[in-house]
Amino acid sequence: MSPVRPLIPAPSSQPSSPPVSTSDWRPVWAEANRRAPATPPAALSRRRLLGGAAVAITLPPLESLLKKAYAQATASRKRVVTVFAPLGQYYPDWLPKAPGPLQTLGPQMEPYEALKKKINVHTNLANMSGRPGGAGDHAAGTGAAFNCVKVSRADGAGIRAGISIDQVAAGHLRQFTRIPSLQLGVLPGRQTGVCEAGYSCVYENTISWADEKQALPPLHDPVVAFEQIFAGFDPAESDKNRQERLSRRKSVLDYVREETRQLGKRVGKTDAQKLDQLFTGINDIEKKLVNAGGGGGKCGLDKPSTPPMDFDARGKLLNDIIVAAFRCDATRVVSHMLAPPYPNIAYTFVEAPAGHHTCSHWHNANEEVYYKRICLWHNRQMADLLTKMDAVPEDGGTLLDNSFVVMSSDCGYSKKHDHANLPVLVAGGAGLFKTGRHVVHPSGTPLGNLFVSILNGAGVPARAFGSDGTGPLADV
């Protein structure tokens, strides 16, 4: 088993760690998550700087304050984001007309027009682990979406899946951050009971897996997500106290600005601009949270004490939170589930009154129209995240340029429950992927091979992934 990499890379005279397969990664992940997060070797600790008054915000690297070695180690920060859009895509309007450079985009791809030089659309990537061998394509497909491991048709103690790509990445990248990874979601679903053909509801409502048994369900309440990342969330706090604190609108930035003010002239011009951008972004999120209300339950599990915001606003706010978390380097790994494939959710907020699953099989013209509207909303949410990431300047380009963002689904052509040609979009590429293309792979190319390529690009020496990923893609 390959050791976890140190914070500061070893001198070139040291032998490099050999690549490992994801079958070796469970103990690596466990070991990494037992380790205390690394702190800068400089006299100024970024966490100490912003740790007062129950605040836990990590600043972006400040060249004027951090020692050279730590600054070099964090100069090129790689992020990994997995996004799940359920029930495939409407392929007639999704697939580019030809391989090669992205030219005119179809109606489903319209949200990516301004981003087409920074995305790749992949065709013929298969996740055959998502095929159930009977009924249950969506539970099996979602459960295997980002781990490429066939899940067991069971509930409770019988649940079996596999470690997902985000958690393999987190096992390596968490040494640089305070939070190993975030799991977020827009439309909620069930986490208990059996949902489809004997499969646990956990499979349909979780895309992040720490190991074969431990599902990491998403948070759907933006207030809770924000507080966990930025405000020292206390799960023992009563709803009453939490609501009183929110109503006082006591900004986290009050603490941050006071402690930062004491730095005085030690902060250079460039760093001052970074801080201003960070504070402005967090303050904007706080205002949106107060205006929107959000849920009132602890850990996002209780019934909201106020009506939830509409799903479009919630999705965009969660995108804001993801970008803010990356900007201040609170984490480098996020899994984001736009919605589960079940229950049969009606997207009335985009004028799709019939259930999504029903529409994905479009038995009539109306259902086909509704399905297209739902798929377009998924793509608009993805494009909103990418646009916001691309608006944050960083060394070497933008936050998006330094990230690997991959969107996939439980199936491709949902009308036929296809697992052999998934609708896969990859954005960013951290300068290692050649973007702006429609990449057509040989039929049946394992999706796991793409995940090997992403992990390698993020600094994880993986040589295989899931049940059938045998190595990096020949063309990324």
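A residue is called buried when its relative accessible area is under 20%. The model examined here is predicted.

**Exercise 1.** Determine how many residues of helix 8 are buried, and identify what caps its N-terminal end.

*Solution.* Step 1: helix 8 spans residues 222-230. Step 2: applying the cut-off of under 20%, eight of the nine residues in this helix are buried, so the helix is mostly covered. Step 3: the buried residues are P222, V223, V224, A225, F226, E227, I229 and F230. Step 4: at the N-terminal end, the cap is D221, which places a side-chain oxygen 2.9 Å from the backbone nitrogen of V223.

**Exercise 2.** Describe the largest nonpolar core and the contacts of L386.

*Solution.* Step 1: this core contains 61 residues. Step 2: Y112, I119, Y347, L386, V405 and L425 have the most contacts inside it. Step 3: helix 14, residues 365-390, gives the most to the core, namely 10 residues. Step 4: leaving aside residues up to four places away in sequence, L386 touches Y112, L115, I119, L400, V405, L425 and A427.

**Exercise 3.** Characterise the protein as a whole.

*Solution.* Step 1: the protein has 15 helices and 16 strands. Step 2: of its 476 residues, 58% are buried. Step 3: among contacts between residues at least 6 apart in sequence, 73% join residues at least 24 apart. Step 4: the accessible surface is about 18800 Å², and carbon and sulfur atoms account for 54% of that area.

Technical notes
Residues are numbered from 1 along each chain as its sequence is written. This is a predicted model: local features need pLDDT of at least 70, side-chain atom pairs count only at pLDDT 80 or more; totals for chains, interfaces and linings use all residues. Side-chain values use heavy atoms; hydrogens and water are left out. Buried means under 20% relative accessible area, exposed over 50%, partly exposed in between (1.4 Å probe, protein chains only). Helices (H or I, at least four residues) and strands (E, at least two) are DSSP runs, numbered from the N terminus. A polar contact is a pair of N or O atoms within 3.5 Å; within protein, one must be able to donate a hydrogen and the other to accept it, and residues adjacent in sequence count only if both atoms are side-chain atoms. A nonpolar core is a set of buried Ala, Val, Leu, Ile, Met, Phe, Trp, Tyr and Cys residues joined through side-chain atoms within 4.5 Å. Contact means heavy atoms within 4.5 Å. Accessible areas come from the Shrake-Rupley method with a 1.4 Å probe; for residues, only the protein chains shown count as cover.
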